[in-house]
Amino acid sequence: MLVQNKCDNYTQFYKKLQRDPLLRNKFIDALTTNETLWFRDNSFFDGLTNVIIPQLIENSKKQTRVRIWSAASSTGQEAYSVAMLLDHIGRRKNIRFDLNKFTILGTDISPTALQKAKMASYSQMTISRGMRKDFLNKYFVKKGTAYEVSPDIRKIVTFKQFNLKDSFRSIGKFDLILCRNVLIYFSDDLKSQIFSKMRDTLSKNGYLAIGASESPRGLTTEFKQFRAGQSVLYQVN
Ligand SMILES: C[S@@+](CC[C@H](N)C(=O)[O-])C[C@H]1O[C@@H](n2cnc3c(N)ncnc32)[C@H](O)[C@@H]1O
């Protein structure tokens, strides 16, 4: 990239990055791994299905809004998977269930991933990576060779660019935060800072989910484990 952009050294390239937002976005895309799939990690989604989502639906009867944050949302599959599950379980449990009481915010540092998430249109190949047949029929509209997430689901999901290294002050409080398969790329120091900011961003009794290979052990003592079936989430101590 240095050569492509006619820079002789990293200092010049860094200065160019600061001046040029398009180049900055291209650089971010080159650095990030956007690997994701629908309902990634079966045991985690079993825990959501059987424990966490029923709890959030129960809370929605008393709260005006239930807020969920997919904090490294990549191309959107995680956020839409949760939205579809919410609708599916809510309707099964209660005919007065109102999906519009829920909002899901998806954030990511990668502008290209976010653009795809906002389009909500997925190829057959992407759909084949984890999408359930019954949900495909229920929550997608076929447009040519692509599958578009249905308007009812899209209505509760929004996406915006956000760097987990930045301050969380403006982001508000959440009842469930998914910060999965992204911490592995960060230093221990940065992970500790993010755990600390997550603590302040969780609402009372809120849940934090991280990836199966990620752990707060040795980085923070501010969270306790919460078992949801086979999966482990975290709550503030
Ligand atoms: C491997 S994907 C995980 C996606 C999804 N959470 C999942 O588990 O399937 C990691 C995502 O983290 C994003 N990411 C990397 N560094 C980030 C940062 N500093 N702030 C926000 N997102 C970041 C990447 O752009 C990428 O989309």
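The model is predicted: local features need pLDDT of at least 70, side-chain atom pairs count only at pLDDT 80 or more, and totals for chains, interfaces and linings use all residues. Residues are numbered from 1 along each chain as its sequence is written.

**Overall fold**

- The protein chain holds 9 helices and 10 strands. Both are DSSP runs numbered from the N terminus: helices are H or I with at least four residues, strands are E with at least two.
- The radius of gyration is 19 Å, close to the 18 Å that the globule rule gives for 237 residues, so the protein chain is as compact as a globular protein of that length. The radius is taken over C-alpha atoms, and the rule is 2.2 Å times the number of residues to the power 0.38.
- The C-alpha trace spans about 65 × 50 × 30 Å along its principal axes.
- Buried residues make up 36% of the 237 in the protein chain. Buried means 20 or more other C-beta atoms within 10 Å of the residue's own, exposed means 12 or fewer, and partly exposed lies in between, with C-beta atoms placed from the backbone.
- Of the contacts with a separation of 6 or more, 75% join residues 24 or more positions apart. A contact requires C-beta atoms, placed from the backbone, within 7 Å.

**Ligand shell**

- The ligand is surrounded by 20 residues. The closest are Thr32, Thr36, Ala72, Ser74 and Asn181. The criterion is a C-beta atom, placed from the backbone, within 6 Å of the molecule.
- By class, this shell has 6 nonpolar, 8 polar and 6 charged residues. Nonpolar covers Ala, Val, Leu, Ile, Met, Phe, Trp, Tyr, Cys and Pro; charged covers Asp, Glu, Lys and Arg; the others, Gly among them, are polar.

- The largest nonpolar core has 53 residues. Ala83, Ile104, Ile177, Cys179 and Leu208 have the most contacts inside it. Helix H3 (residues 42-60) gives the most to this core, with 7 residues.
- Such a core is a set of buried Ala, Val, Leu, Ile, Met, Phe, Trp, Tyr and Cys residues joined through C-beta atoms within 7 Å.
- Ile104 touches Ile68, Ser70, Ala79, Val82, Ala83, Ile156 and Val157, with residues up to four places away in sequence not counted.
- H4 (residues 77-93) has 17 residues and reaches 24 Å from first C-alpha to last, close to the expected 24 Å. The expected span is 1.5 Å times one less than the number of residues.
- Buried residues of H4 include Gln77, Ala79, Val82, Ala83 and Asp87.

**Positive phi**

- Most residues other than glycine have a negative phi.
- Ser74 has a positive phi of about 50°. Ser74 sits in the loop between strand S1 (66-70) and H4, and is buried, with 25 other C-beta atoms within 10 Å.
- Ala120 has a positive phi near 60°. Its loop runs between helix H5 (111-119) and strand S3 (121-122). Ala120 counts as buried, with 22 C-beta neighbours inside 10 Å.

**Two further residues**

- Ala209 lies in strand S8 (residues 202-210). Ala209 counts as buried because it has 26 C-beta neighbours inside 10 Å.
- Beyond four places in sequence, Ala209 is in contact with Phe44, Ile177, Leu178, Arg180 and Leu233.
- Leu190, in helix H9 (residues 188-201), has 14 C-beta neighbours inside 10 Å and so counts as partly exposed.

Definitions and conventions: Contact = placed C-beta atoms within 7 Å.
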